[in-house]
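Take a look at the chain below.

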Amino acid sequence: MIDITALDIKQNNHAKSLITDLSLSINEGEVLAIIGTSGSGKSALINAIMNSLSADFTLKGNILMPPNTRISLVPQSINALNPTAKIGSQLIQFSPRKKWYQRADKNLVNNALTLAQLPVSVANLYPHQLSGGMAKRALSALALIQNPDIIIADEPSCGVNDEFAEALFQHYKQLAHKKKKTVIIVSHDIKYVLDIADHILILQGVVNQESLSSIEYTTPKKITQGNSGSYSQALWQALPKNWN
Ligand SMILES: Nc1ncnc2c1ncn2[C@@H]1O[C@H](COP(=O)(O)OP(=O)(O)OP(=O)(O)O)[C@@H](O)[C@H]1O
């Protein structure tokens, strides 16, 4: 579904690349988690995948996907919801229509809410009437109503407590494994993704000879079995459940 080959992302006012020599494939129905500290290039990479990097970046290598692939981004902050409009009318604004003047199909709204594991009654609520976890799901519904092939969730755990965060991550796992979406989750915390990701890309914000970030592409199984690189092992060992 997405084939990345020898990708190099460089910001023009910096001598070194942000990311070099990244190659990986993400299949339909898979979850790729991108983990990394602040400034390690996570946003630059997802912008490269969405073909929306600003002009001050130079891209080398290839990012290939089938023609007409639809990508939706679930933004990090619930401030992306319009505080003055009910969730239902925000969903209608985002829904695909054959002609701009045609009314949106109400079933699309209900389907998107259901897919985001929200009751359809949420359509009649304003963002301030939702809990943090529900507002995050409403953001997911806004992405899902566009019927994307690829869904990119930026920091789903940001601003929600642990209990809701785990349910949100499970929601993305189901979208991939049951609804066959390709899901990319950006997170700074490995603990949430070990249970749900098929592959994990770890960007370590440590300067090496060619680039700002070094890269590790691995799986949850390799990490938990001790068969991964030193940085992912350190992240795994640092989780409270592994303290002894
Ligand atoms: N060679 C370089 N040396 C130092 N900094 C760089 C270099 N190239 C790019 N940068 C900076 O690195 C940062 C990368 O930011 P980016 O937003 O992609 O990281 P991020 O992992 O998404 O961070 P956050 O988690 O804080 O959102 C940018 O601020 C960019 O200006």
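We go from the whole protein to its sheet, and then to one helix.

This is a predicted model. The protein holds eight helices and nine strands. Its C-alpha trace spans about 55 × 45 × 30 Å along the principal axes. Buried residues make up 39% of the 244. Now consider contacts with a separation of 6 or more. Of these, 67% join residues 24 or more positions apart.

Next, the sheet. Strands of a sheet pair through backbone hydrogen bonds, either parallel or antiparallel. Here six strands form an open sheet with mixed pairing, in the order 5-6-7-3-8-9. Strand 5 (71–74) and strand 9 (214–218) are the edges, and each pairs on one side only. On average, neighbouring strands are turned by 15° against each other, direction ignored. Look at one edge. Strand 8 (residues 199–204) pairs with strand 9 in the antiparallel sense over five bridges. There, Gln204 has Ser214 of strand 9 as its bridge partner.

Now find helix 5. This helix covers residues 162–177 and reaches 22 Å from first C-alpha to last, close to the 22 Å expected. Helix 5 lies across strands 3, 6 and 7, at about 155° to strand 7. Which of its residues are buried? They are Ala165, Leu168, Phe169, His171, Tyr172, Leu175 and Ala176. These residues cover an arc of only 150° around the axis, so they sit on the same side of helix 5. Their cover includes strands 3, 6 and 7, along with helix 4 (132–144) and helix 6 (190–193).

How values were computed. Residues numbered from 1 in each chain as written. Predicted model: local features only at pLDDT ≥ 70, side-chain atom pairs only at ≥ 80, totals over all residues. Helix = DSSP H or I, 4+ residues; strand = E, 2+ residues; numbered from the N terminus. Expected span 1.5 Å × (residues − 1). Buried ≥ 20, exposed ≤ 12 C-beta atoms within 10 Å, placed from the backbone. Arc of directions from axis to C-beta. Contact = placed C-beta atoms within 7 Å. Pairing = 2+ DSSP bridges. Axes fitted to C-alpha atoms, helices over the stretch in contact; angles between N-to-C directions.
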